[in-house]
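Hi,

Here is the structure I promised to pass on.

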Amino acid sequence: MADLLDRIHDLYDELEKHRVMLSFKGGLSPELITVLLNLVERKLEGMEPDAKARKRVFNVVVECLQNLYHHNGHLRAAHDGRETTSDPHGVVMLARTDTGYSVLTGNFMHGADVDMLKNHLDRINSLNAEALREWYLAKLADGKYSEAGGGGLGMIDIARRSGGKLGYAFVPYDKDSAFFSLNVNVNT
C-alpha cells in the first residue's frame with residue numbers, strides 16, 4: 001500500500017511538472033465527453049484571457065475527443081495483455097506550455113490501420129496552411145465517408161486549427177494492435 005501511495009505522489013508531481021490542467025483515462029461516452037468539454041471550457045476561461053485563443057484550443061480538444069471516441073480499437077491494457085472494451089477507451093490530457101497549450105490523447109487501435117493513419121498524418125504534416133485548406137475543402141466536397149462515419153477531416157481540421165504540426169507515435173502492442181499517441185500544440 002505504501003508503494004501505491006508513493007506512486008500517487010509521484011503522479012501528482014509529474015502532472016504539476018508538466019502543467020497538466022486536465023487528465024482523464026478510461027471509458028468514453030458521449031455524456032462523459034460533454035462533461036470533459038465543460039471542464040475544459042471552465043479551465044480555459046480561468047486561464048486564457050484571449051477569447052480567440054480559448055476558442056481555438058477548445059475546438060482542438062473537441063476534435064481530439066471526437067477522434068478518440070470514433071476511431072478507437074475498443075481495447076485497453078489488461079494485467080495479462082489487452083482486453084476488449086464495450087466503450088471506446090483512452091486517455092486525454094490538456095497542459096499549459098510556455099507558448100500555449102498541448103492537447104494529448106492516446107488510445108489503442110487495430111494494427112492493420114497504423115500504416116494508413118501514419119500516411120495520413122505524414123501528408124498533413126507535409127502541407128502548408130494553404131495546401132491544408134485546399135485539401136480540407138476538397139475532402140469536404142467529395143462526400144466520401146469512412147467506416148467510422150468520418151470524412152477524414154478531423155485530423156486535417158486539428159492541424160488547421162492548431163497551426164502547427166501534429167506530433168504522433170505508435171507503440172506496437174501485439175500483432176493485432178498498437179497504442180496511438182497524438183500531441184497537438186496550440187500556440188496562443
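Lining the second largest pocket are S23, K25, V91, V92, M93, L104, T105, G106, F179, S181 and L182. A pocket here is an open set of points on a 1 Å grid over the protein atoms alone, where a 1.4 Å probe is used and protein lies on both sides within 12 Å along at least five of seven lines; lining residues have an atom within 4 Å of a point. This is a predicted model, with local features needing pLDDT of at least 70 and side-chain atom pairs pLDDT 80 or more, while totals for chains, interfaces and linings use all residues. Residues are numbered from 1 along each chain as its sequence is written, and side-chain values use heavy atoms, without hydrogens and water.

The volume of that second largest pocket is about 180 Å³, counted as the space filled by probe spheres set on the points, with grid points joined across faces, edges and corners. Its lining takes at least two residues from each of β1 (20-27), β4, β5 and β7 (177-187); strands are DSSP runs of E with at least two residues, helices are runs of H or I with at least four, and both are numbered from the N terminus. By class, the lining has six nonpolar, four polar and one charged (Ala, Val, Leu, Ile, Met, Phe, Trp, Tyr, Cys and Pro are nonpolar, Asp, Glu, Lys and Arg charged, the others, Gly among them, polar).

The largest cavity holds about 50 Å³. Its lining is made of L22, L36, V40, V61, L65, V92, M93, L94 and V103, that is, nine nonpolar residues with no polar and no charged ones. β4 gives the most, three residues, and α2 (30-47), α3 (51-70) and β4 (89-96) each supply at least two.

In contact (heavy atoms within 4.5 Å), L132, R133, W135, Y136 and K139 of α5 meet I156, D157, A159 and R160 of α6. This contact has five nonpolar, no polar and four charged residues.

Last, there are four aromatic pairs, meaning Phe, Tyr or Trp rings (six-membered for Trp) with centres within 6.5 Å; planes under 30 degrees apart are stacked, over 60 edge-to-face, the rest tilted. One of them, F108 with Y173, is edge-to-face, at 4.7 Å centre to centre and 80 degrees between the planes.

Cheers
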